[in-house]
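User: Hi! I have a structure open and would like to talk it through with you.
Analyst: Happy to, let's have a look.

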Amino acid sequence: MEHLALKILLKKQGDEYVPSEYIDKYLKSLELERKLSLNTIKSYFNDLKDLDIYFTGNVINNIFDDMRKYISTLQDKNSRTVSHYITVINSFYNFLVNEDIIKDNPCNNLVSPKLSKKLPNYLTEDEINRLLDIRLVTP
């Protein structure tokens, strides 16, 4: 039962992937309990679909090691994207643990990459002066 979630994430109907019973419950909980937007829920679904596609046809030896191998295939993506994948997958497996569908979350030991911090945008001295030169008209 430990690898149940990996085998039934999605069902394929024709060329379309549709959520399994477990993903469907998970996505509904995101909508109803966490009040996430439809676009965010679609993003979560797509991340889980990518996970399912990766594991389809692969032999699962050690779920914890195999999950790390999956994450390593994402290294060509930027660190924010990889971190998002880990967050989504971890959240899904926590849901399965909380629902007593699986015993352990195979993502507990996954470490998100360090995210680079963006420097703030600022106005140049010339831009500030141009803003100060604007005449304001009050009614």
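**Helix faces, core and rings**

Analyst: To start, the exposed residues L38 and N39 sit on the face of α3 turned away from its buried side; exposed means over 50% relative accessible area, buried under 20% and partly exposed in between, with a 1.4 Å probe and protein chains only. Helices are DSSP runs of H or I with at least four residues, numbered from the N terminus.

User: Before we go on, what kind of model is this?
Analyst: It is a predicted model, where local features need pLDDT of at least 70 and side-chain atom pairs count only at pLDDT 80 or more, while totals for chains, interfaces and linings use all residues. Residues are numbered from 1 along each chain as its sequence is written, and side-chain values use heavy atoms, leaving out hydrogens and water.

User: Thanks! Which residues are buried in α3?
Analyst: Those are I41, Y44, F45, D47, L48, L51, D52 and F55. They lie on the same side of α3 because they cover an arc of only 160° around the axis, going by the directions from the helix axis to the C-beta atoms.

User: Now the largest nonpolar core: how many residues does it have?
Analyst: It has 29, and M67, I89 and Y93 have the most contacts inside it. α5 gives the most to this core, nine residues. A nonpolar core here is a set of buried Ala, Val, Leu, Ile, Met, Phe, Trp, Tyr and Cys residues joined through side-chain atoms within 4.5 Å.

User: And what is I89 in contact with?
Analyst: Leaving aside neighbours within four places in sequence, I89 contacts L48, L51, M67, Y70, I71 and C107, where contact means heavy atoms within 4.5 Å.

User: Switching topic, how many aromatic pairs are there?
Analyst: The count is five; rings of Phe, Tyr and Trp (its six-membered ring) pair if their centres lie within 6.5 Å, and planes under 30 degrees apart are stacked, over 60 edge-to-face and the rest tilted. Y54 and Y70 make a tilted pair, because their ring centres are 5.0 Å apart and their planes at 50°. With Y54 in helix α3 and Y70 in helix α4, this pair ties together parts 16 residues apart in sequence.

User: Is Y70 buried or exposed?
Analyst: Y70 counts as buried, at 3% relative accessibility, whereas Y54 is partly exposed at 25%.

User: Which residues do ring pairs link into a cluster?
Analyst: Y26, Y44, F92, Y93 and F95.

How values were computed:
Helix = DSSP H or I, 4+ residues; strand = E, 2+ residues; numbered from the N terminus.
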